[in-house]
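Welcome! Please take a moment with the sequence and the model shown here, and then we will walk through the main features together.

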Amino acid sequence: MPLPTGDTIGILADNLRMRNSVLPISAKSATSWARGLHLPRGAKTVLYTGMMYQLIPYIAAMSKAQAGIEDSFLANFVKLGRQVNKVINISAFMAMPPKSMRETYNRLLVNIALLLQRAGVQFGYLYEDELYSGALVYDLGADDVLKAHARKVYGTFQKYGVKNVITVDPHTTNMLRSVYPTLLDGYDLNVKSYLEVLVERNIEPKNRLDREVVIHDSCVYARYENVLNEQRTLLKNAGVTVKEPAYSGKFTLCCGGPAESLYPKKARARAEARVKQLKEVARNCVTMCPICYVNLQKAAGGEIELADISSYLVQAYC
Amino acid sequence: MALVNPGFVDAVKQSEAFNASACMNCGVCSAVCPMGIELLPRKLFRYVLLGLEEKVLENTETIYSCLLCKMCEANCPARVHIAENVRFLRSYINKKVFKL
């Protein structure tokens, strides 16, 4: 049988309500990427990771476990799992990703921080006070839990006197820029993706990258937040030849990632279809969303080389 | 056969989130859906507008399978906010069926 929808959403919503994240991770895991960067704690402008890159290795480990449960007799125990999870954080046992994967995703956040510093942006970080944005729970329609969580997130920004938020991924950008204003009265944060900030700052490349890549746009950047030109501008200015796949820009094809939490097999099928399109254009593919990155990576099977856009940009601009 | 549920009709009417009155049932949304979901959203929204709650609930898996990727919205000639409508239905089912 498939994963029981209500209980699966229930576990994610319970985690957000009780533990401030759909998949709770330790403060050490969430903040270790910033070690050695000496970022000030809080500031008028902050880099807000929304914990998305840090969570991806855990989400990947969890979805692997879920894929094993989907269509097996174990799916019958998800209901029981929800009750146990209210007392003990069972997701911590189910999702234990390898250290190398955590380091890979942490490195992407370091890239972004270095790029912003190179562009002359003064910013702080909220460290262990930073909270997940609630994007998954929003997508799954658990509105009451999301609204209460959004108040907590906004309260943290207010506590530190934050006015400007620089985001690192499309889902968090969408939540903070377009969703929160519909949930919270008086919400007054200025939210921009780091890609937008780098273009605004006219960051100049130090090195030229003579490479050819196929670009995979995130649905959320392309169709929710209209972030379409910045990624192309930054890559092209760095000397990268950007090739467009079938279905690109405003009409990009979803990687399937949003189906991962409830229907891992459907998510995998969509990712395989997208990889097929991408590999027809170039062997190297650039993504700008951690969910796209991990979902396409799983389906690629070595047929294409995937990299987060920050990996290219840091080579060119830092 | 299906029965109209007046309570469902009221819930939809009171919601600011659900609005499919501009849908002209052209089928572009279904044709471009990357999940290949034939039902979503045109027939589904018709069920909602007619108050056929049973028909909507029969399609729970379809409603939660939607990627919310907005490929349909980007192609919709009537500019229906399809993803918002799907989110509304999820929220409705979460409360009504799953008691979340």
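Chain A is divided into domain 1 (5-198) and domain 2 (204-317), with bounds that come from an automatic or database domain assignment. This is a predicted model, in which local features need pLDDT of at least 70, side-chain atom pairs count only at pLDDT 80 or more, and totals for chains, interfaces and linings use all residues. Residues are numbered from 1 along each chain as its sequence is written, while chains are lettered from A and ligands numbered from 1 in the order in which they are written.

Let us start with the overall form. Chain A holds 15 helices and seven strands; these are DSSP runs numbered from the N terminus, with H or I and at least four residues for helices, and E and at least two for strands. The C-alpha trace of chain A spans about 55 × 50 × 35 Å along its principal axes. A compact globule of 318 residues would have a radius of gyration near 20 Å, so the 19 Å of chain A agrees; this radius is taken over C-alpha atoms, and the globule rule is 2.2 Å times the number of residues to the power 0.38.

Buried residues make up 52% of the 318 residues in chain A, where buried means that 20 or more other C-beta atoms, placed from the backbone, lie within 10 Å of the residue's own. The largest nonpolar core has 132 residues, and A:Leu12, A:Leu116, A:Val137 and A:Tyr194 touch the most other members. Such a core is a set of buried Ala, Val, Leu, Ile, Met, Phe, Trp, Tyr and Cys residues joined through C-beta atoms within 7 Å. Helix 3 (residues 52-69) of chain A gives this core its largest share, eight residues, and at least three residues come from each of domain 1 and domain 2 of chain A.

## Where the parts meet

The C-alpha centres of domain 1 and domain 2 of chain A lie 21 Å apart.

Key
A residue is buried if 20 or more other C-beta atoms lie within 10 Å of its own, exposed if 12 or fewer, and partly exposed in between; C-beta atoms are placed from the backbone.
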